[in-house]
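User: Can you walk me through this one? I'd like to start with the open space.

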Amino acid sequence: MQTIWQHIYAAFIEADRWKLYLKGLGVTLEVSFFAALLGILIGTIAAFLKLSTKKNGSKTVASRIASAYIDIIRGTPTTVQLLIMWSGILATCKNSVLIASLTFGINSGAYVAEIVRAGILAVDKGQMEAGRSLGLNKFQTMRYIIIPQAFKSILPPLGNEFIVLIKETSIVGYVGMSDLTRVANQMTSKLFDVFTPLLGIAFIYFVLTKVLSILLAKLERRLRKSDNR
Amino acid sequence: MIIVKDLHKSFEDNQVLKGVNYHIHPGEKIVVVGPSGSGKSTFLRCLNLLERPTSGEIWFDGQNITDPRIDINKVRQHMGMVFQHFNLFNNLTIMNNITLAPVKLKLMSEEEAKENALKLLKRVGLEEKADAYPASLSGGQKQRIAIVRSLAMNPRVMLFDEPTSALDPEMVGEVLEVMKELAESGMTMVVVTHEMGFAREVGTKVLFMDGGNIVEENTPQEFFSNPQSPRLQEFLSKVL
């Protein structure tokens, strides 16, 4: 009992080490937050582009570009994407949070695009037909009928994507950023204690994702209002 | 009112309509019957361009609506459509289902649309459902609301695509009742249906479609008592 307490004390409290974790947590949250926003934005746009068709039903150029983007991003490791951005495309940029947010945002966008697309396709075709038959145009029907219904089925996998995103930011240590994982990693070698710092941050990651899923579950319940019989 | 000229429609290699010609006059109740796969639903869906014809023309109120320069959304405001599977907007209350199009298309103010919707709901006996969501209604109720939703646009013609085919048998009557009332009010109607009783009672003309063409057209009286083509005779012997 005594030693567990000593380990925890050494890993988190001694010499104000909790401040380092807090800073690391800040980096993790910052990158996750901006990446999620960017991911939603890019993903939604990419989803609609991928769904776009010409009058004769064939795919538009924009649709092909969106498909290529999704394919390439999903087909390559996030770590490699981060390294390419860091040491290649944005090598001159000094703002590491910006680089990481961009990388994860572009990465997440590809997954969000498929989630959004699936959600829209899952809405019964008759809903669009009914809207159009009343004289509403495609955009109006999308906005008032299709998207509100799609959103309900998009939300759970979208929450899943954000949870993955938060955890995936733990690779930013690769490019020298001091996020939660890197802080813990450095602590393990400093204190010759492998377990306590890592268990500590595992707990923090868990709390983060748990809070997120509770919030999403709440939102989901509210959106299910129209399903009540 | 609606003139169909040499209407062809193909899905990939499957030719569904093979040169349909027809003229619908104001006030007529055209009932379209025929075996499944005969093209009757496709014919109906071509009338408001939910399906784009492969070739041929459709004229509505003196306008060739198959002309690509025509704003089809404007045209559809005057053509109500009722679907087999109701297609009520699941995310909206009954009231908002009815008022969405007139309000968003700026044809009525919100108050006007609501007042009008309540009047129409009363007509079909469902005014107490105004704040309910579609999921809480029976099939018959949904279809009556769907009819009201179309009527809220003050259409000049109403298209019905097998409006009772997805209903439990005991709910067919309530929907047909609303349609009969609508017919009596003078509405121009085109109805694809399997309800031969309705065709006989309400139709001014009955069309028999088979193999992508109108095979026979007659008054209900003649259509049922004196069918000409062997295909129709065979069809009627099976369904009556």
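Analyst: First, a term. A pocket here is an open set of grid points with protein on both sides within 12 Å along at least five of seven lines. Note that this is a predicted model. Its largest pocket has a volume of about 1,600 Å³.

User: How many residues line the largest pocket, and which lie nearest its centre?

Analyst: The lining has 38 residues. Nearest the centre are A:Thr53, A:Lys55, A:Met128, A:Arg132 and A:Lys138.

User: Which elements give two or more residues to that lining?

Analyst: Both chains contribute. From chain A come α2 (18-51), α3 (61-74), α5 (96-122), α6 (125-133) and α7 (138-168). From chain B come β1 and α2 (72-76).

User: How do the lining residues divide into nonpolar, polar and charged?

Analyst: For the largest pocket, 15 are nonpolar, seven are polar and 16 are charged.

User: You mentioned β1 of chain B. What does that strand pair with?

Analyst: Strand β1(B), residues 2-11, pairs with β2(B), residues 14-24. The sense is antiparallel, over eight bridges. Within that pairing, B:His8 stands opposite B:Lys18 of β2(B).

User: What about the turn? How many residues sit between the strands?

Analyst: Two residues separate β1(B) and β2(B) in the hairpin. B:Glu12 takes a positive phi there, near 55°.

User: Switching to the interface. How many residues are in contact between chain A and chain B?

Analyst: 22 residues of chain A contact 25 residues of chain B. The two chains bury about 2,100 Å² between them. Carbon and sulfur atoms account for 58% of that area.

User: And salt bridges across it, how many?

Analyst: The count between chain A and chain B is one. B:Arg45 and A:Glu129 meet through their side chains, at 2.6 Å from N to O.

User: Where is it? Which residues line the largest cavity?

Analyst: In chain B. The lining is B:Leu120, B:Arg123, B:Val124, B:Val148, B:Leu151, B:Val178, B:Glu181 and B:Leu182. Helices α4 (110-123), α5 (139-151) and α6 (169-184) of chain B each supply at least two of the lining residues.

User: Which element gives the largest share?

Analyst: Helix α6(B), with three residues.

Conventions
Residues are numbered from 1 along each chain as its sequence is written. Chains are lettered from A and ligands numbered from 1 in the order in which they are written. This is a predicted model: local features need pLDDT of at least 70, side-chain atom pairs count only at pLDDT 80 or more; totals for chains, interfaces and linings use all residues. Side-chain values use heavy atoms; hydrogens and water are left out. Two strands pair if DSSP finds at least two bridges between them. Helices (H or I, at least four residues) and strands (E, at least two) are DSSP runs, numbered from the N terminus. On a 1 Å grid over the protein atoms alone, a cavity is a set of points where a 1.4 Å probe fits but cannot get out, and a pocket is an open set with protein on both sides within 12 Å along at least five of seven lines; lining residues have an atom within 4 Å of a point. Grid points are joined across faces, edges and corners, and a volume is the space filled by probe spheres set on the points. Ala, Val, Leu, Ile, Met, Phe, Trp, Tyr, Cys and Pro count as nonpolar, Asp, Glu, Lys and Arg as charged, and the others, Gly among them, as polar. Contact means heavy atoms within 4.5 Å. Buried area is the accessible area (1.4 Å probe) that two parts lose on being put together, summed over both. A salt bridge is a side-chain nitrogen of Lys or Arg within 4 Å of a carboxyl oxygen of Asp or Glu.
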